[in-house]
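Hi everyone, thanks for coming along.

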Amino acid sequence: MRGNLHTQKTFALVVGAMLLPVSAIRTQTVTPPPAAPLRPYVFPSVEQFQLPNGLKVILVEKHTLPVVEGRLLVDAGAMRESAAKSGLASLTGSLLSEGTGAMDGAAIARAMDAFGAQYFTNAGYSVAAVDVVALKNVFPQALELAAKTVIAPSFPVGEISRVKNRALANYQQAHARTAGLAADAFIRAAFDSSAPFSRPASGTPATITPLTRDDVVNWHRTMYAPSAATLLLVGDLTPAEARSVAQQAYGTWSGTRSAPATIENPIRPSSGTRVILVDRPGSVQSSVIIGQAGFRATDPDYLSMVALNHVFGGGFSNRVNLNLREKHGYTYGANSTLDLRPGSGAFRVSSEVRTNATDSALVEVVNEYKRIVGEPIPMTELHGSVNNLVSGFPSSVQTVQQLAGRIQQLIIWGLPVDFYATYRERLAAVTPEEVRTAATSRLTPNNVIVVVAGDLSKIEAPIRARNLGTVEVWDVNGNKVR
Amino acid sequence: MRLRYFAVSLLSLAAATAGAQSAKSAKSPELRVDFTKETLPNGLTVIYHVDHSTPVAAVLLWYNVGSKMEQPGRTGFAHLFEHMMFQGSKNVEKGQHFGLLEAAGGRAGADINGTTNQDRTNYFEQVPSNQLELALWLESDRMGTLTQTLTKEKLDNQREVVKNERRQGVDNQPYGTWGERTGEMMFPDSHPYHHSVIGSMADLSAASVEDVQNFFKTYYAPNNAVLVVAGDIDVPQAKEMVRKYFGPIPRGPVPPKLASMSLPATVGREQRVVVQDALAPAPAVFVAYRVPSAKDKRAQAVSLLARVIGGGASSRLDESLVRRQQLATNVTGFNFGLADGADMLVFIANGKPGSNPDSLERALLAELAGASSFTQAELDRARAGERFSFVDGLQSTGGFGGRADRLAEGWTFFHNPDYVNTVLGDIDRIKLADLNELARERLVPNNRVILVFVPAKKTASENSATRAN
């Protein structure tokens with residue numbers, strides 16, 4: 001591990017190296033001013049402790065404003081549910097806020113609003129979350145009420161149908177948008193049908209509709225336990241205050257749970273590019289996703305993939321955005337994501353492109369995919385991109401919510417909670433050779449999944465004519481239409 | 001609750017601690033954003049704000065130009081122009097504004113961006129504090145020399161990008177046209193808020209390089225802008241840099257006077273349109289009222305009214321439409337925060353797929369009709385939510401709604417950079433009677449616009465039936 005002094009020097013050098021070629025290739029009246037010495041930044045210290053009932057607590061102190069966040073994460077996300085009960089984790093998470101003890105959902109909402117607290121409960125793929133953010137003076141009471149909704153939810157009968165109806169409506173709303181249609185088709189195509197991540201995290205109408213209150217109660221009883229949870233406390237709290245509020249809110253929580261199985265999330269093998277089209281008549285734009293499954297944060301080349309992803313589609317000055325937006329005007333924006341999950345995640349490029357340029361945009365992205373694998377990334381481009389991540393990191397963790405989000409990712413990914421203490425140094429140390437190896441060994445431009453949701457009456461024929469791979473047309477449920 | 005990405009900027013540690021101790025008393029100005037202000041000889045107002053808690057520096061400019069300054073047939077121009085500001089200037093090649101800032105550690109989108117609304121256009125970059133000079137240089141270069149490198153090719157490219165932005169945000173989305181429809185119905189044809197910020201495709205197509213140059217000459221000058229330099233900065237050193245880069249830019253002409261923005265307190269009639277929306281999976285009802293603007297002394301009462309009726313999870317619409325009657329799956333209420341003449345207060349109810357839009361509309365209107373006798377508990381909840389939102393926004397130095405943005409807002413709208421330090425007090429001063437009076441005066445049928453979106457089977461998303469009364 002390098003010391004801070006060395007790190008700073010590295011960063012400054014990177015910037016200098018980046019700027020030189022820019023001024024060299026053109027005659028400028030004025031050149032950009034040079035950087036001053038980098039000022040030190042230290043990621044806030046992360047303290048861990050455990051309550052007697054087994055609940056892990058993580059404290060990140062941030063005293064600039066009297067704001068505190070308490071985010072409880074329970075290993076009760078959709079990845080733990082069976083395919084037949086898809087949507088149960090999400091439904092249970094949403095229902096926590098709808099009753100505890102003598103309080104119904106409306107009473108809880110009034111109490112939290114009276115604190116001026118931001119409060120929500122939900123469950124995504126990886127975890128269920130009960131989150132409360134409030135001014136410091138009311139935070140202990142708000143956290144205590146939030147804890148009651150986790151420890152002893154009443155799941156009122158009347159609320160089950162109402163929240164189910166909302167989940168069904170949310171599904172319809174998401175699938176009325178091309179982006180929602182494309183996202184679903186991509187995960188279905190990328191992962192094996194046994195993989196939790198092949199399914200929408202909140203279920204489908206077919207699986208949500210039969211869910212019962214018994215399902216919800218059983219899920220809560222078997223999955224929610226202090227030993228399967230972590231409480232993140234972030235903000236204006238001292239360690240002593242953190243221990244006190246955590247114990248006060250969650251000290252009475254009891255229950256045990258057996259050790260969970262490892263999530264495999266197998267990918268769907270394929271030999272050659274698949275092009276999957278989903279119809280959404282009347283669309284003036286198409287949502288396109290191009291990518292592949294199979295990436296974890298615990299992979300040895302994780303940081304190389306972070307750098308590679310940023311060159312390809314991170315920020316603004318990345319390859320796909322400069323191509324599709326700034327060169328061709330096909331889109332308002334294009335980017336790529338390294339979407340990491342337990343077991344395996346996915347790397348993908350996404351964009352909303354105008355209907356009559358859909359096929360051209362696909363060709364451009366596939367060509368960029370081939371180029372980043374086929375040619376070494378020029379040094380200045382790689383350095384600029386890596387330095388963006390390294391030097392921009394402090395700005396990305398200014399708020400308690402941003403800090404909590406970072407720590408939550410580490411917990412989900414299975415990385416140590418002090419990961420960010422040395423993140424910038426390790427990222428800056430990634431070599432061009434390592435990035436090159438990641439590109440050639442991990443990305444398969446001739447075997448990717450291409451998904452397009454849009455008006456097929458206008459885009460299907462032009463896309464077929466491009467011969468990008470095997471073309472299939474799917475309905476909204478992933479059934480092959482032709 | 002006001003529809004703003006804007007929150008505020010930097011607080012000193014000591015002030016924050018004091019705030020923590022006394023926030024419950026609800027008597028505000030414990031949280032202070034300290035600043036110093038100067039005006040350069042060319043008319044540029046500069047506000048400095050120091051916060052060493054994170055080694056970042058924020059540079060932010062508000063130009064006093066928005067879509068309300070646009071001429072008929074040239075809608076969408078202020079925003080299209082904003083895009084052109086990222087296309088390079090005399091000493092900065094196309095692509096290098098973002099290229100240099102990103103390589104220096106600025107995060108595109110969150111930290112480096114530009115936004116346009118009806119009232120103003122802003123540009124900002126938050127960078128590692130050792131890169132402050134680069135950010136100031138880039139902003140000064142485009143303020144001083146943008147038009148020297150404008151080409152039709154750049155304009156054509158960004159015209160396409162903006163058209164895609166419109167497709168993505170409006171034309172390809174369920175309910176996507178509600179915002180521009182509401183504005184068109186709420187404000188008379190001749191009023192500067194009548195048309196939307198993104199504008200019409202036809203007007204965008206008609207824009208010429210000469211139009212862009214004229215727009216620049218008219219509005220983009222130091223005397224029509226405020227610059228905020230915030231964060232981990234040394235003020236004397238920052239002042240030196242500002243003088244070096246912005247000092248030589250000549251003062252521009254005085255911008256033309258804005259058309260009259262003033263309007264009667266109420267619209268004077270009810271307008272209702274049913275929109276057959278082929279993209280919508282479920283009915284949705286949008287009801288908007290004309291209310292006092294952000295510059296009005298009742299502005300905070302408007303935000304609180306939005307929150308009491310449709311803001312938090314315990315709002316009236318949540319309790320009635322979502323929980324009790326279960327006609328809506330989601331409800332919301334907010335105001336736009338328009339600065340001059342009048343603002344729009346909007347309530348939205350989303351129905352279940354397959355449900356009857358008439359029932360949803362009737363229930364929403366019935367709830368709004370009864371909204372003029374609030375309880376103290378309702379006001380207290382809304383106030384707590386507003387207070388939290390304000391403080392929450394102050395966590396960021398720059399970017400969307402950080403402290404730098406609040407300082408610029410105060411100067412542009414109120415000529416008062418201390419505005420940021422008066423917000424909590426203004427929220428605290430609103431009494432129950434103020435809220436009830438505002439509701440009685442403005443939440444009336446002849447002051448509202450109703451849009452009922454109905455799922456349509458057809459492929460086109462044109463509106464069909466119109467029933468104005």
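Let me begin with a definition: the expected span of a helix is 1.5 Å times one less than its number of residues. Helices here are DSSP runs of H or I with at least four residues, strands are runs of E with at least two, and both are numbered from the N terminus. Before we use that, some housekeeping: this is a predicted model, in which local features need pLDDT of at least 70, side-chain atom pairs count only at pLDDT 80 or more, and totals for chains, interfaces and linings use all residues. Residues are numbered from 1 along each chain as its sequence is written, while chains are lettered from A and ligands numbered from 1 in the order in which they are written.

Now, how far apart are the end C-alpha atoms of helix α14 of chain A? They are 20 Å apart, which agrees with the 20 Å that its 14 residues, 400–413, should span. Several residues of α14(A) are buried, including Val400(A), Leu403(A), Ala404(A) and Ile407(A); buried means that 20 or more other C-beta atoms lie within 10 Å of the residue's own, exposed means 12 or fewer, and partly exposed is in between, with C-beta atoms placed from the backbone. What do they pack against? The buried residues of α14(A) pack against strands β2, β3, β7 and β8 of chain A.

Let's step back to the whole of chain A. An automatic or database domain assignment divides chain A into domain 1 (46–250) and domain 2 (274–474). Their contact takes 29 residues from domain 1 of chain A and 32 from domain 2 of chain A, where two residues are in contact if their C-beta atoms, placed from the backbone, lie within 7 Å. On the domain 1 side, α6(A) gives the most, with 8 residues.

Asn265(A) sits in the loop between α9 and β9 of chain A, and its phi is positive, near 55 degrees, although it is not a glycine. Most residues other than glycine have a negative phi. Asn265(A) counts as buried because it has 22 C-beta neighbours inside 10 Å.

Over to chain B, which has 16 helices and 11 strands. Its radius of gyration is 23 Å, close to the 23 Å that the globule rule gives for 469 residues, so chain B is as compact as a globular protein of that length. That radius is taken over C-alpha atoms, and the rule is 2.2 Å times the number of residues to the power 0.38. Of the residues of chain B, 61% count as buried.

Is Gln326(B) buried or partly exposed? Partly exposed, because it has 16 C-beta neighbours inside 10 Å.

How do the chains meet? Their contact takes 77 residues from chain B and 70 from chain A.

Finally, confidence. The mean pLDDT of chain B is 91, on the predictor's scale from 0 to 100 for each residue. Over residues 4–29 of chain B, though, the pLDDT is below 50. Where pLDDT is low, the predicted coordinates should not be read in detail. For the complex, the predictor gives an ipTM of 0.92 and a pTM of 0.93.
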